[in-house]
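Let's walk through this model together, from the overall fold down to single residues.

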Amino acid sequence: MRPAQHTTPLPAWRAIIVAFSLAALVPAVPCLAQARPAETAQPAVPVATYADMAALTERASIVALVEVRKQAQVEPARAPGLAPGHTRLYVTARTSALLAARSPIGESLNYLVDIPLDTKGRAPKLKKQRFLIFAAPVPGSPGVLQLVGDGAQVPATLESEQLARTVIAAFAEADAPPKITGVRDIMSVAGNLVGESETQLFLDTSTGEPVSLSVIRRPGMEPRWGVSWSEIVDQSARPPAPDSVEWYRLACTLPAQLPSDSYLQGDPAARDRAKRDYGYILQQLGTCERLRT
């Protein structure tokens, strides 16, 4: 098993409190499933992808489910960096549940959020709406949070809450994979048969722990590729499961092109095989789809 990785200046996820109970801090509230009206037959429109949730979770030290109680519009002159067609709101919200944090937070929270204006050029009314927020505390200001990005206030749905809990639990695992920082070494060796080859790519990580990718080709067979999260280059390695932290680390971090200084061989044929196999890996991983910034 791999040790927990420490990739951000925010607290290590091994130390977070997953699904922390606020029974001693806030009055009991209905759960999300009870509070929602009966679902229609139409499929829910996703408000965030796995990659969105993973990126937000990794940057946040507090993930909470909140209900907006009040909002106040900030004057544009006092909202530097505000994007055109947006407004900045000072939100007061009630904590419904704490999904992840180093320590408990109070019932009432305040934070700034930038949101698009409605079709009439007005600020949307957020009162009584429920959101997942990904934030960090503001030092010296109890109860005041700073969102970790423009998309860090996520509408709370059954799907988005479940996805957030799944991602948080995955990052909290002791063997959660480290962040990929680049491709270090590349080599590709042809086999004895025509069309037979093996390509290995060794990756750099934020923790210094080894990660390698391999692609094996056999005549008349589909290419087989996999990832090894250890020092051992395992030929039985398998691709990461879709929508997993392992998938996120690769699909959302690997460069579009192999760095020219990472090849261990000068042979043009070896380089061409490596480029082909790397393109195959990227194709198999698919797009790192994002709906939020």
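A residue is called buried when its relative accessible area is under 20%, exposed when it is over 50%, and partly exposed in between, using a 1.4 Å probe and protein chains only. Helices (H or I, at least four residues) and strands (E, at least two) are DSSP runs, numbered from the N terminus. What you are looking at is a predicted model, in which local features need pLDDT of at least 70 and side-chain atom pairs count only at pLDDT 80 or more, while totals for chains, interfaces and linings use all residues. Residues are numbered from 1 along each chain as its sequence is written, and side-chain values use heavy atoms, with hydrogens and water left out.

Start with the whole chain. The protein chain holds 5 helices and 10 strands, and buried residues make up 45% of its 293 residues. Contact here means heavy atoms within 4.5 Å. Among contacts in the protein chain with a separation of 6 or more, 66% join residues 24 or more positions apart.

Now turn to helix 2. Because 9 of its 10 residues are buried, helix 2 is largely enclosed by the rest of the structure. The buried ones are Tyr50, Ala51, Asp52, Met53, Ala54, Ala55, Leu56, Thr57 and Glu58. What covers the buried residues of helix 2? The cover includes strand 4 (130-137), strand 6 (153-155), helix 3 and helix 4 (245-251).

From the helix 2 side, Tyr50, Met53, Ala54, Thr57 and Glu58 take part, and they meet Ser160, Leu163, Ala164, Val167, Ile168, Ala170 and Phe171 of helix 3. The residues of this contact divide into 9 nonpolar, 2 polar and 1 charged, where Ala, Val, Leu, Ile, Met, Phe, Trp, Tyr, Cys and Pro count as nonpolar, Asp, Glu, Lys and Arg as charged, and the others, Gly among them, as polar. An α-helix has 3.6 residues a turn, so residues three or four places apart point the same way.

Next comes the interior. A nonpolar core is a set of buried Ala, Val, Leu, Ile, Met, Phe, Trp, Tyr and Cys residues joined through side-chain atoms within 4.5 Å. The largest such core has 70 residues, of which Met53, Tyr111, Ile133, Phe134, Leu213 and Leu250 touch the most other members. Strand 2 (residues 86-101) gives the largest share of this core, 8 residues. In soluble globular proteins, nonpolar side chains tend to be buried together. Which residues does Leu250 touch, not counting residues up to four places away in sequence? Its partners are Ile180, Leu203, Leu213, Val227, Trp229, Pro240 and Leu285.

Let's finish with a few single residues. Ser214 is found in strand 9 (residues 211-217) and is buried, with a relative accessible area of 6%.

Ala269 sits in helix 5 and is partly exposed, at 37% relative accessible area. Gly286 lies in the segment after helix 5 (268-285) and is also partly exposed, with 33%. The C-alpha atoms of Gly286 and Trp247 are 9.5 Å apart, although the two are 39 residues apart along the chain.

The loops hold the remaining stops. Asp150, in the loop between strand 5 (145-147) and strand 6, counts as exposed at 60% relative accessibility. Asp150 and Arg292 are 142 residues apart in sequence, yet 7.8 Å apart in space, C-alpha to C-alpha. Lys128, in the loop between strand 3 (108-116) and strand 4, is exposed at 64%, and its phi is near 75°, a positive value in a residue other than glycine. Asp243, in the loop between strand 10 (224-228) and helix 4, likewise has a positive phi, near 50°.
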